[in-house]
Amino acid sequence: MHSTPIQVRFNDADALGHINNAVYLSYFDMGKTDYFSNLHKQCYYTEPIDIIIAHIDIDFKAQGMLHEPLEVRTEITHIGNKSMNIHQQVVNSETGEVKCDGNTVMVGYDFAKHCTARISDRWRNAINKVNNE
């Protein structure tokens with residue numbers, strides 16, 4: 001599972017120091033960006049992206065706090081023909097306590113035709129390589 005440290009910002013929390021539930025989506029995005037960047041090394045920002053988010057669900061398990069050391073853990077749990085499932089967790093990096101648990105479905109997408117498409121071999125090969133290491 002890939003791990004991304006999170007720098008919790010002051011504006012992520014309310015007056016009591018609790019991290020706002022909407023912020024966890026941003027944390028998940030940071031985790032996916034870091035995971036994909038690591039997956040594709042140099043080409044992630046220079047080649048066209050051909051996957052998009054189709055669905056996200058999140059279960060909140062425990063409160064995240066302003067000064068708590070957090071990380072996002074990211075892994076691709078399934079890759080099919082046109083979609084893949086990504087499992088993510090925000091956890092306390094010292095205790096391992098899970099703050100939230102989420103699943104994202106991403107689909108291959110053809111931006112020229114505006115429709116779903118097969119997940120490209122570039123993504124498939126990179127994901128399979130990391131999952132088999």
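User: What counts as a strand here, and which strand holds Gln 89?

Analyst: A strand is a DSSP run of E with at least two residues, numbered from the N terminus. This model is predicted. In it, Gln 89 lies in strand β4.

User: Which strand does β4 pair with, and over how many bridges?

Analyst: Strand β4 covers residues 83–92. Its partner is β5, and 9 bridges join the two in the antiparallel sense.

User: What sits in the turn between β4 and β5?

Analyst: These strands form a hairpin with 5 residues between them. Look for Gly 96 there, which takes a positive phi near 80°.

User: Which other strands does β5 join?

Analyst: Start with β2, residues 51–60. It runs antiparallel to β5, residues 98–110, with 9 bridges between them. Ile 51 stands opposite Gly 108 of β5. Then turn to β6, residues 115–117. It is also antiparallel to β5, and 3 bridges join the pair. Here Asp 110 faces Cys 115 of β6.

User: What is found in the hairpin of β5 and β6?

Analyst: There are 4 residues between these strands. His 114 takes a positive phi near 60° in this hairpin.

User: How should I think about side chains along a strand?

Analyst: In a regular strand, side chains alternate between the two faces of the sheet. Now pick one residue and check its surroundings.

User: Then take Gln 89: is it buried or exposed?

Analyst: Compare its relative accessible area with the cut-off. Buried means under 20%. Gln 89 has 16%, so it is buried.

User: What does Gln 89 touch?

Analyst: Set aside residues up to four places away in sequence. Its contacts then include Phe 28, Glu 71, Val 72 and Arg 73. Val 98, Cys 100 and Asp 101 are also among them. With Asp 101 there is a side-chain polar contact of 3.0 Å.

User: Which residues does Met 30 contact?

Analyst: Leave aside its neighbours within four places in sequence. Met 30 is then in contact with Thr 4 and Ile 6.

User: How far is Met 30 from Gly 108?

Analyst: Their C-alpha atoms are separated by 20 Å. Along the chain, the two are 78 residues apart. Gly 108 is the residue opposite Ile 51.

Methods. Residues numbered from 1 in each chain as written. Predicted model: local features only at pLDDT ≥ 70, side-chain atom pairs only at ≥ 80, totals over all residues. Heavy atoms only, no water. Pairing = 2+ DSSP bridges. Buried < 20%, exposed > 50% of the residue type's maximum accessible area, 1.4 Å probe, protein only. Polar contact = N/O pair within 3.5 Å; in protein donor to acceptor, adjacent residues only side chain to side chain. Contact = heavy atoms within 4.5 Å.
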